[in-house]
Amino acid sequence: MITLKAYLFISLVLFVTGLVVMLSRKNIIAILLGIELILNAAALNFVAYSKYTAANLDGHIFALFIIVIAAAEAAVGLAIVIRFFQVKESVHIDEASDLREELTR
Amino acid sequence: MENTIAGYFLEFEPLQYLVQNSSAFFGFDTTALIGFLIFFIFGIVFLGFLATVGGFGTIAERKISADLQARIGPNRVGPYGAFQLIADGIKMLSKEDIMPRSADKFLYYLAPFLSLFGVVCTIAVIPFSGDFIMADLNVGVFYALAISSIVGVGIFLGGYASNSKWSLLGGMRGAAQIISYEIPVTLCIMMIVVLAGGISFGTIIDQQAGMPWNWYIFHNPFTFIGFFIFFISNLAETNRAPFDLPEAESELVSGYHTEYTGIRFGLFALAEYIEIFVVNGIAVSLFLGGYHLPFDFLEGTIPGNLLQFGTFFIKTCVLYYVVIWIRWTFPRLRVDHLMSLCWKYLTPIAIFNLVGVAIWMVCFDGQSMFDLLFSGSSHSGGGH
Amino acid sequence: MFSDILFLSASALIIGSCVLMMWTKNLMHSCIYLLGVLIGVAGLYLTLGADFVAATQVMVYVGGVVILMLFAIMLTGGKDFQSKTQKILGLLPLMGSKYTFMWGTATAMVFGFCQIYFFRHLFTSLELNETTSNQYAPTVEKLGELLITDHVVAFEISSVLLLGALVGAAIIARPRKERPAFLEPVDDHHHDDHEEDHH
Amino acid sequence: MNYTIATIAPIFLLPFFAFVINCVFIKKIPKIVPWISIAGIVGAFFYASAIFMDFFSVYNTDYYIHKVFNWIDISHGENIFKIDLGVYIDNMTAVMLLMVTGVASLIHIFSSWYMKGDVRWERFFLYLSLFTSAMLGLVLSDNLLSVFMFWEVMGFCSYSLIGFYFEKEEAGNASLKAFMTTRVGDVFFLLGILAIWSVVGSVDFPSIYAAIADGAFTGKTVFGMSLATFSAFCIFCGTIGKSAQFPLQVWLPDAMMGPTPCSALIHAATMVAAGVYLSLRAYPLIFVGELNLFIAYIGGITAFGAATIAIIQKDLKAVLAYSTISQLGYMVLGIGVGSYNAAFMHLITHAIFKACLFLAAGSVIHSYHAKYMTEMGGLRKKLPYTWIAMWCCTLAIAGVPFFSGFVSKDRILGDALYMMVYSGIGAYSIPAILGFIGAFLTPFYMFRMMFLTFHGKNRNKEKYDHCHKEHLKWNQNVPLLILSVFTLGVFFCGSMTGQGIIKVAHQKLEWFKVLVEAPVGDGLNKFKSYTKQGFSNVDTRENTAMESSLYDSHYHTGFAGEGFDHKNEQAHHDLHHAHVEGAVASVVIVIFSILLAFAMYIFGWMNPNFFYNKLGFWVKAIKNKYFFDWFYVDIVIKKGLLRLNRFLSWFDSGIYDRYAIDGWATINRYIFKASHWFDRVVVDSIAVDGTAVGTQIFSLVTKSIQSGYIQKYIIALVGAIVVISMFLGF
């Protein structure tokens, strides 16, 4: 039978994949993709725990709100990316460092 | 399992016998396995049926357009050209499969299948008759809405992967259009959900049983307006004229499937024609009483199911005819007009309808106009 | 049995798509693999009996987020880049190489090991009711009730959040030639005009 | 009748809404402003009529409505601080509401004729609406605090309306004088409220009555006098200020600078009557505080003194102003001698006939374009309707039998006579005698006014010819005629004298005496068991069945001093005697007074100037209004207050500024020098700069962490998660 640990394993795979995508890519949109993966991992955990440990549907509610927030985050994030692209003509993540002090070293 | 077609067929004796024997043989309960098999078989059958429907859609398009333009149309293959679809299918399969050199191979191959996948998956929840429904999910309407949005991804990818400017423009237009017009569609469906008190197709259709004045389109003025908004938005979602901007022949050659040939083009075309059938089926289920016959004639028996299937099919085909009729009657819209129609007219009206229906539910306790006019009717539309 | 098949296929889809997502160099492909992941997660929700959440997942992600992502990738070129400052993240791999995969696997192993090792007490102390896991019940009505009773504040706030995101995204992404008005230096001439209008 | 907020509140709110709407429209659509005001007050009149009809149909002294809502509640545990606002309507309030709304409606209607085309005439209606709403709010109020608030709003409206023609310097001065003079009384009034609060813990009337009935005031003293006396005195000082009693009567004659309708409404019918109304509300307190004699003296002196001044006035409105002061003095005298009912009846009757008189005077002044009686004469041919109305009111105020003024005033005089002769308290004789002399003077100056204005020969031919003949007009003289109808005594009393020389059989004609009962003795005890009701509740106080003996048992509610055991046969008998004698005496006095007036001004048997010249000093005193203005301005303010101010100013600049403040400044300067050095050397160079340098060094170390590379932050985040999970896991 499928146990809770199986879901947690899948969730861990999702999380780590998201982490790797976020860390290794230099495109801002790719980082947003990674964030989506991490959010999915969290939502999956919620639903799985809701089924296996609790008798209520609060985990489902949390998953729904995570989806809502992910949608809002994606919309605003991508809008920012497109604006960023209009200004900088690039979506390289290291370009987004205007507020940093210029390092002389 | 209970609300699915597998559950219906598992009640037959031979299959139960098979289940018992195989369980004894394998050593575990094989009910699910047999159900899965039944699903599989029915999936294949349905795919064939849908391909036929889509094929006949192309024939119908050509014959009806010919009729409207006082021509004859295809008339060589079979009686009245009825087998033209077979000839077309053979032609498409035997054509050379061309791919542009600079195209993105993976996406280019994937796009038509995604498009068809979104359409075919929707069929699972369409109720053809009282017992003939693949799966009466308790989130049926929602599921149909969700899974049909994959079509938009397919169209967009098709446009992008071809690496051609016509395709790209068509794909972008298609995706934008589908995303936008999903909003009025969803709001209209919300209206029906508010009336019926559930989002399963079974619940919604059972509320409309009986005479035509129990249909939700005649329930109150808001649903009457809502049906037309739903219908118009569906035209746009399926990229049909006058909203066929993604494949506008005069501007974009052929839109997102410009570069496709052979069976890949065929899959796109098939997806479009099946989608028209599917959304019309949803419209029939939500607004026009679905499969229900007056007086629940012969309900529950196999002849009754066939009659119900016929009812559903005829209603859907009437709407199909209207869709084709519109295509050959109205001119195409401009892109900005298309968007302003959606955001400035259909969406506000749909929101107004939704609020209106909610107020109607509160004020008249869910009774329809006919219940109010001829009080004492046995059917009240309230799902509370 | 049925849900086992579904679980296995969905897990295979997820893991495969995850690996490919890390592996591929093309962002567009990566986004399509993300689509596979999301559909797989929806399948997992189905095995968990969360039909409404699964439908919402497909609706929101596939119908909205992924298409948005595809649009954005297309509008911004869809290339991935190399790190400009090798010195800062010199140890991290470049995209699309074998190193990516290796690094991903290594990170996954380290991180997973950490998590599993440190939380093992929690696993053993949990009271799991895995015996009732095959009882499916419709969740839509209950979810609806919960949303307008216990979680109504969060529900309303999320509606405000979505409205804000909608307006904000529309305003942020709007193409502008000039700098925004509030960034303009204060112009004395403007003041004079204003006063003249008053008189 | 079920009383809810919707049946009571419109009485106050309709004029108030009229005011608010007018505030909006006054600049844009000034034409509709008067009509909105009139609509507001007429609407309030209908609501008030409904309430009055309900009370009249119930016909029970015990019937009242008290509904409250919580305004402030900052109670915390044992410490209770709670203020309720509410509505208290008993029979007196119902009558008062009907009178105020009715008179105000007619005055509004009259104003639409009188003020038309005047400068700022829309603003006049604005003030009028605000004033009316405040007056109605005061009448409806159930507690002294809201009474005080509305009282002040009325004071403001009075101030604005007196100074309505602020281009004239006298008008501005008069408004300031009115405002400042009444303020003296208001301060005492506020003190009185606080004193009552300190005992009762609440300021609504039923609670105060209940507390008095429980004897809460006994034994408490303040400043060496009884607390009841003190608080009653303070409340009564409010009355002195507002009702222009001696010694604060100086503002009312000057208040005639305002437009005549406002004089009719504010300075004759309602605002000045509000002072008497307050004293009536506080009557149990006055009774407990044994302030009756003092009040009787104040009333008697005012009634007599104002009447004497009125005799020689040339200005038409001034005569009416002094007669108003005089009549208010009668009301206060009535309170002093314990005739509660009669005082209130005089308030109502006086409001009606004095409003009518003022309106008639306004009609004359506006038609004739003159305000001095020396220029008038023979106007009855030009202004016939005004003439009729004014005669009715004159007969009423003069105390001619069958008119309302006779009924009410005579009962006050009868009670005064009783207190003088039969009660055995000799001190009451002076107010009583002053009251009777005033009753002699009143017909004389009123008839003089009428003769000079309407009869005899005209004394200014040019203006006389210029004056048009009067026609019946709905907003000019119809209100006057309506008001003059109600000067008939039959509306108020079945018998035409105080205690019934001529009795009418029908019981309900005695309604006024029966319904308004003084809250002393048994009438006070009923408040012991009262309950407040919220506005949402239905009125639950059911009335006990009206007993057939009600007429007899309450017949003598106007009896002087309920405390004097009115069940005593002897006292009852004496009272009858006193009233009969008083009635006979006052009729005789009135006849002589009228004859004197006829002799002087119609037949010319006696020359007024003869007397004028003979009584040298007395006339000089009267001419200078008994030197009150001179006393207040020259003695109190110029010699007293100004000198005090000058001394204080000298003290402030010479002593306080020079030594205290400048000295302190010098000390500070040295301290500042020291601290400046400390600041520069220690704080700046060591602490501040040192911190800055330290921060700089620290930031050089730490800023390399903030690299601006997002992924580096993510790595740090993941590392943190791992560390935290390590802590969580172990």
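This is a predicted model: local features need pLDDT of at least 70, side-chain atom pairs count only at pLDDT 80 or more; totals for chains, interfaces and linings use all residues.

Q: Start with the helices. At what angle do α15 and α20 of chain D cross?
A: Roughly 155 degrees. The axes of α15 (residues 340-368) and α20 (residues 478-485) come within 9 Å.

Q: Parallel or antiparallel, then?
A: Roughly antiparallel, because angles over 145 degrees count as that.

Q: And is the crossing of α15(D) and α20(D) left-handed or right-handed?
A: Left-handed.

Q: Which residues meet there?
A: From α15(D): D:I352, D:A355, D:C356, D:L359, D:A360 and D:S363. They meet D:P479, D:L480, D:L483 and D:S484 of α20(D).

Q: How many of those are nonpolar, polar or charged?
A: Eight are nonpolar, two are polar and none is charged.

Q: New topic, peptide bonds. Is the one from D:F246 to D:P247 cis or trans?
A: It is cis, with omega near 5 degrees. D:P247 sits in the loop between α8 (227-242) and α9 (251-254) of chain D.

Q: Why does D:F402 count as partly exposed?
A: Because D:F402 has 14 C-beta neighbours inside 10 Å, and buried would take 20 or more.

Q: What about phi at D:K625?
A: Positive, about 55 degrees, and D:K625 is not a glycine either. The residue lies between α26 (616-623) and α27 (628-702) of chain D, in the loop. D:K625 is partly exposed, with 17 other C-beta atoms within 10 Å.

Note on methods
Residues are numbered from 1 along each chain as its sequence is written. Chains are lettered from A and ligands numbered from 1 in the order in which they are written. Axes are lines fitted to C-alpha atoms, for helices over the stretch in contact, and angles run from 0 to 180 degrees between N-to-C directions. Helices (H or I, at least four residues) and strands (E, at least two) are DSSP runs, numbered from the N terminus. Angles under 35 degrees count as roughly parallel, over 145 as roughly antiparallel, 65 to 115 as roughly perpendicular and the rest as oblique. A crossing is left-handed if the near helix is turned anticlockwise from the far one by less than a right angle, and right-handed if clockwise. Two residues are in contact if their C-beta atoms, placed from the backbone, lie within 7 Å. Ala, Val, Leu, Ile, Met, Phe, Trp, Tyr, Cys and Pro count as nonpolar, Asp, Glu, Lys and Arg as charged, and the others, Gly among them, as polar. A residue is buried if 20 or more other C-beta atoms lie within 10 Å of its own, exposed if 12 or fewer, and partly exposed in between; C-beta atoms are placed from the backbone.
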